[in-house]
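Here is a brisk report on one protein model.

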Amino acid sequence: MRKLLAAVASLVVLGIGAALILPSFVDWNRYAPAITRWIKETAGYDLTIDGTIEAALLPAPRLRLIEFRVAGGPGFTTRDLVRAKELDVLFGWGAVFSGHFEVAQIRLVDPWFQLETLADGRRSWTPALPVGAADGGNLASRSNDGRGETIRLDNVFIENGRLTWRDARSGANTVVERINARLSATSLSGPARAAGEAAIGTLFFAFEGALGQLSASRPAAVSINVDIKQNLARAQFGGSLDRDGTQGQLQGRVQIDGANLAAALVPFGLKMSGGGSLSAAMGQSFVATGALASTARGLVFNELSLQLGDARAGGGATVTFGAVPAIDMALAMTHLDLDRWRGRPTVPAQAAAPTELALPQAVDGTLDLAIETITLGGDLIRQARFNAALNRGDLIVNQAAAQLPGGTDLTLSGQLTVSGAAPRFDGEIEAASDNLRVLLEWTGLDVSGVPADRLRRFEGGARISGPLSRYEIADLEFRLDASRVSGGIAVAAGPRLGLGVDLRIDQLNVDAYRAVAVDGAPAVVGKQGFAQWLGAFDANLQLRVGSLTMLATPMQGLAIDVTLFNGDLAVRDVQVDDVMGAAIHASGTMSNTAQSPRMAAEVEINAPDAARVLRAIGFASAQVIGPLSFAGRLENADPGEIALDKFALKLGPTELGGTARLSLAGPRPKLTAGLSGGNVLLDQFVGPAVLGSAVLPARAMAGRGGGVTAPAAAWPRDPFDLSALRGIDVELGLACQSLSFRKYRLDGARLVVRLTDGVVEVPQLSGRMYRGRFEFDGHMGGRERLELGGRMTLADADLREVLVAVADIETVGGRGNLVLDLTANGTTVADLVSSLAGEATVTARNGRLDGYDLSAMNRRLKEIDKPIDIVTFVQLGLGGGSTAFSALEGRFHVDRGVARTDDLKLSAVAGEARMRGTIDLAHWTVDLANEFRLTEHPALPPFGLRLTGSLDAPRRVFDIDRLQAHLLRRGDTAVPVR
């Protein structure tokens, strides 16, 4: 470079001589060949003047070159070393009258300096001098004898300059534009000063520097100050330049500081906008200091100290110049308090934009950052390590690791590519936690409702790949507590989140993770409605669970395949291989989930053992023999209503079908159903423990021959729970071939049931029972006590079948009518029976009374030819046989569970019978007196039979005292009765 300056000085010398010898009107262009030859011989450069040469003596010595070029040496890719639009040199008058050059001013307009360094070290600005010219003509070589010091440059102005430097050794290609500077030098060996401004790419800066006296014996002092415009950053250097032959070495200390690191990095290609802790941190003031030393390939920073806000780090760095400059940095920190950065203002809330990240492509580098502890969220992150490399705008993360709260080790590695159309990350993540709930609480999630023994052990990993706006989590494998999960997740970010989930879980107990109540209040997991939550994103879910427990119900082989798009849910398949002994299959759709959901689903349930299913869902009966099958369509065409259309249910021998509606619009849910079927067995739905004991005592239900030995325990005394009646309203209509419960069967049944605000009304229950017509209407309800009332009519029924079914009595035959009009109230079954009140009326025609043979007694009295054995006589009439009757009628008055009759009368051809007494249902006892008269012997006094004791096994006592006395008076009795 000094030789180049010497060439300029030679032109100055030539100009001074010409100005002194020739007037200004001389045509200097004629001497252009001689001038260029003299420059070649003196400085070793090839000068080409494309324009004109002007010289003048007055008002001051002056030389101007218009449009000239200075060629570089052979073998370089750039032909011109310097080309400029104008060189204007103004000399001081001392150059005329003294022996040294005083350059008052040099103005260089639009210069372009094209510098180049070859791989062998040759530089384009080093001239090739002719033999013998190295010591003679080159002014720069004369500095050792003192004559080179006679050249003085007071004011050198560069206007709109440009400099390019290609270094084949490192591959660097540096371009500096818009150079406007002022330089001054006492001599070609210094001291020198420079100040001005220039631009590198989009980076516009002002500079100021000073260079001391260049000498082979001692270093020259150097100071440089650079200010990036708009107050982005400032750099200061103070040190020395040590001449080492042709290669100088720069050493000293450097400091770079600024008010906003994020803004200062933008011109270098790193952009970050939006909110968050990272944006807040990058927006703080920064200071970097260190010891700088230049090498043949770049710069080395030792004793590096970095400060960002109140955070400090130390380490070292190297800068290597090449086709793409490289910065390699290693830093270490003792502690970083991120909590102090959280909440720092970044951009106004109304102007906040999504976070954007752009990595520099004009520089490569590596960063190895180690932080012992980080405070974040009130807890410590330990042993944080970040090792990454920047290559052509792509970030390769070799390792990002840390120990998070809860004994959690997290490791991430991969490559972040930002050079394409969209940023992309490809890498792997691994995590292991000894206490996951501590980690989740640290992130801000409330898991207090989850049982304390859950969310403990976690370990797993996955591979992440794809652009940041649409990436995949593949090869997902992790273990949570006792569950193992595998599969993959695809995420599409944007204004509307999209998820693709394909997961397999070996076992999962959902109940173990259900929120628990705190202080007796039910726990609330989330307040946002499920439907609104579904409307917030799109998803495709494929889930398989080997073993699942939910709502205390174990399931095997759960498979779910659903799609959620724009608020519409399409259920392609939901299948359970085994839940309570049944297999379930469902498919359907749910539309407009965010506003007013509409659902339509086809459901199928099949089980080989219906009894097992009924027991599992709480029905006591286990008498169903055969399979269970169900098929129907669920939909909610109207808001707040769910419909079950055209369903078919087969439960062993029971078949039902019809439609049902569940309305959720009122104060309580309301179920409306219209059903039809074949033979409906209520035993399959309501077992003995639920309803059977409410109809008859346990021993009475055992069937024929039973007896009650402990009357006080005959009726259940467990209090009723009436809360279920107030939870829903029901309107049910049923038409079926038969309706059966244990021994009771109603053929051609028609049933209407209404449940409203805890009150059950049965306006119709009709059909044929015991070959007669059956009708019933009644009601049931109450808040604290259950109140019952109803009227039952059984017309033209087979009395024998009725009495056998109700009381196991087989002594009456024929057809008759039975009317019951009863009420009851209480909190237990025993209370209901004890409070039973009302009337019961029975009428019959042309029947038969078994166990009584009044006709035989009439015949025996007609055939008397010897004294009668009274015992044999009574046993003949009341110990067997039967009596046909023409009418049976009477009424029972019921009060407090006791049925009393005074007018039950049986009329027959052979005689008549009257019954008086009570039936105590509460204690399951009977006390009835039967009085018989013989029609063909009107003078014969009546005789009787009294029934006492257990209702289903009464004791029989004959009342024949009056009959015996009468026969003794007649002399018809041979043996007295004792």
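In this predicted model, the largest nonpolar core holds 75 residues. Leu 739, Tyr 770, Phe 885, Leu 888 and Phe 943 touch the most other members. Strand β39, residues 744-756, gives the most to this core: six residues. A second, separate core has 42 residues, among them Val 254, Leu 436, Leu 455 and Ala 512. In soluble globular proteins, nonpolar side chains tend to be buried together.

Take Leu 888. Leaving aside residues up to four places away in sequence, Leu 888 touches Leu 799, Val 812, Val 842, Thr 843, Ala 844, Arg 845, Leu 904, Lys 905 and Leu 906.

Now the aromatic rings. The whole structure contains four aromatic pairs. One of them joins Phe 458 and Phe 478 in a tilted arrangement, with 5.4 Å centre to centre and 35° between the planes. Phe 458 belongs to strand β25 (residues 458-467) and Phe 478 to strand β26 (residues 470-480), so the pair ties together parts that are 20 residues apart in sequence.

| Arginine | Ring | Distance to ring centre |
|---|---|---|
| Arg 162 | Trp 112 | 4.7 Å |
| Arg 454 | Tyr 513 | 5.6 Å |

Finally, the whole protein. It has 16 helices and 52 strands. Of its 978 residues, 40% are buried. Among contacts with a separation of 6 or more, 49% link residues 24 or more positions apart.

Definitions and conventions: Residues are numbered from 1 along each chain as its sequence is written. This is a predicted model: local features need pLDDT of at least 70, side-chain atom pairs count only at pLDDT 80 or more; totals for chains, interfaces and linings use all residues. Side-chain values use heavy atoms; hydrogens and water are left out. Helices (H or I, at least four residues) and strands (E, at least two) are DSSP runs, numbered from the N terminus. Buried means under 20% relative accessible area, exposed over 50%, partly exposed in between (1.4 Å probe, protein chains only). Contact means heavy atoms within 4.5 Å. A nonpolar core is a set of buried Ala, Val, Leu, Ile, Met, Phe, Trp, Tyr and Cys residues joined through side-chain atoms within 4.5 Å. Rings of Phe, Tyr and Trp (its six-membered ring) pair if their centres lie within 6.5 Å; planes under 30 degrees apart count as stacked, over 60 as edge-to-face and the rest as tilted. A charge sits over a ring if NZ of Lys or CZ of Arg is within 6 Å of the ring centre and within 35 degrees of the ring normal.
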